[in-house]
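User: I would like to learn how to read a protein model. Please take me through it one feature at a time.

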Amino acid sequence: MSTISRSRTSLSPATSERSTLPMGASAEPGSPEFQPLEPTREQLLAHFFERFKFYTSLCLGTSAILAVFAFLFLIPFVVEPAIQTILAEFAPEAGICAVSDHVYANTLTNCTWASCREGCTTTHTKCHKIRVNLARRPFEDNTPVPTEWDATDLKFLINPEGCGYPPRVNCSEFANDYAGKKAPKIFPCYYSMTRPDLVVARYSWDTTIRGLVLALVLPTTVFVFSLSVLAYWHCHCCDRACNRRVHAESYASKEEKNIILKFDAATS
């Protein structure tokens with residue numbers, strides 16, 4: 001703030017007036033002797049840079065703080081579910097599933113797990129619990145109902161977390177689509193290689209990786225960039241470290257000193 005105040009003082013009419021009058025002379029505004037100097041181009045540029053630096057620093061500081069909060073917000077909503085999905089190692093091709101049991105349960109004791117929950121951080125006293133039979137072969141259109149299943153009564157979840165938020169997750173629609181009266185007898189589903197009892201309705205490797213990368217890279221990049229610029233502008237230690245080479249180059253090296261001494265001795 002002291003630098004900005006000095007730049008504003010250098011542009012004031014009173015300072016310009018003193019520089020145009022003789023020693024000890026004074027003049028009133030409006031008199032012929034009163035001729036204020038216009039600020040130079042260097043002074044205007046310095047004043048503009050100080051204002052630009054102040055407002056840019058304010059924006060960068062705000063961006064760094066928002067990046068931290070955004071990263072903390074994305075951890076439970078994007079990062080953790082993506083890591084769980086990767087660790088589950090779902091089959092790349094959808095298998096064949098058919099509903100074996102559907103229960104609409106009440107009370108917390110009966111909702112220890114749920115096929116779908118609207119809200120991942122809250123507990124529910126009402127939940128849909130769907131179990132399916134699984135055939136581990138690729139699902140195709142017009143596939144007949146298998147006569148033999150590779151696994152039976154597996155937990156069927158809407159996604160690897162079994163929860164989400166509207167409008168992407170709607171548990172009533174999910175239950176009607178897969179266990180309702182008009183639900184198909186068989187449908188595609190994705191089974192886990194590391195958790196044999198887990199089957200999900202939605203899975204996309206590309207979407208999972210894209211969400212994880214964006215959640216990690218974007219807030220980190222904004223935070224590191226903002227902090228680097230602020231440190232370069234306002235941290236004196238960083239300023240000395242960055243300009244150390246410039247200060248070193250302002251002094252003559254030993255070889256240059258020897259050449260100058262030899263030249264002086266030869267000319268004398």
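User: What should I know before starting?

Analyst: This is a predicted model, in which local features need pLDDT of at least 70 and side-chain atom pairs count only at pLDDT 80 or more, while totals for chains, interfaces and linings use all residues. Residues are numbered from 1 along each chain as its sequence is written, and side-chain values use heavy atoms, with hydrogens and water left out.

User: How many helices and strands are there in the protein chain?

Analyst: Helices (H or I, at least four residues) and strands (E, at least two) are DSSP runs, numbered from the N terminus. The protein chain has eight helices and seven strands.

User: What is the reach of helix H5 from its first C-alpha to its last?

Analyst: The expected span of a helix is 1.5 Å times one less than its number of residues. Helix H5 (residues 205-234) has 30 residues and reaches 43 Å, close to the expected 44 Å.

User: Which residues of H5 are buried?

Analyst: Buried means under 20% relative accessible area, exposed over 50%, and partly exposed in between (1.4 Å probe, protein chains only). In H5 the buried residues are Thr-208, Leu-212, Ala-215, Pro-219, Ser-226, Val-229 and Leu-230. Helix H3 (41-88) is included in what covers them. Of the 268 residues of the protein chain, 29% count as buried.

User: Is Thr-85 buried or exposed, and what does Thr-85 touch?

Analyst: A contact means heavy atoms within 4.5 Å. Thr-85 is found in helix H3 and is buried, because its relative accessible area is 7%. Leaving out residues up to four places away in sequence, Thr-85 touches Phe-90, Pro-160, Glu-161, Tyr-203 and Thr-208. Thr-208 is also one of the buried residues of H5.

User: Is Phe-69 buried or exposed?

Analyst: Phe-69, in helix H3, counts as exposed because its relative accessible area is 56%.

User: How are aromatic pairs read, and how many are there?

Analyst: Rings of Phe, Tyr and Trp (its six-membered ring) pair if their centres lie within 6.5 Å; planes under 30 degrees apart count as stacked, over 60 as edge-to-face and the rest as tilted. The count comes to 11 aromatic pairs. Among them, Tyr-178 and Phe-187 form an edge-to-face pair, 4.9 Å centre to centre with 70 degrees between the planes. Tyr-178 and Phe-187 are both buried. Ring pairs link Phe-156, Phe-174, Tyr-178 and Phe-187 into a cluster.
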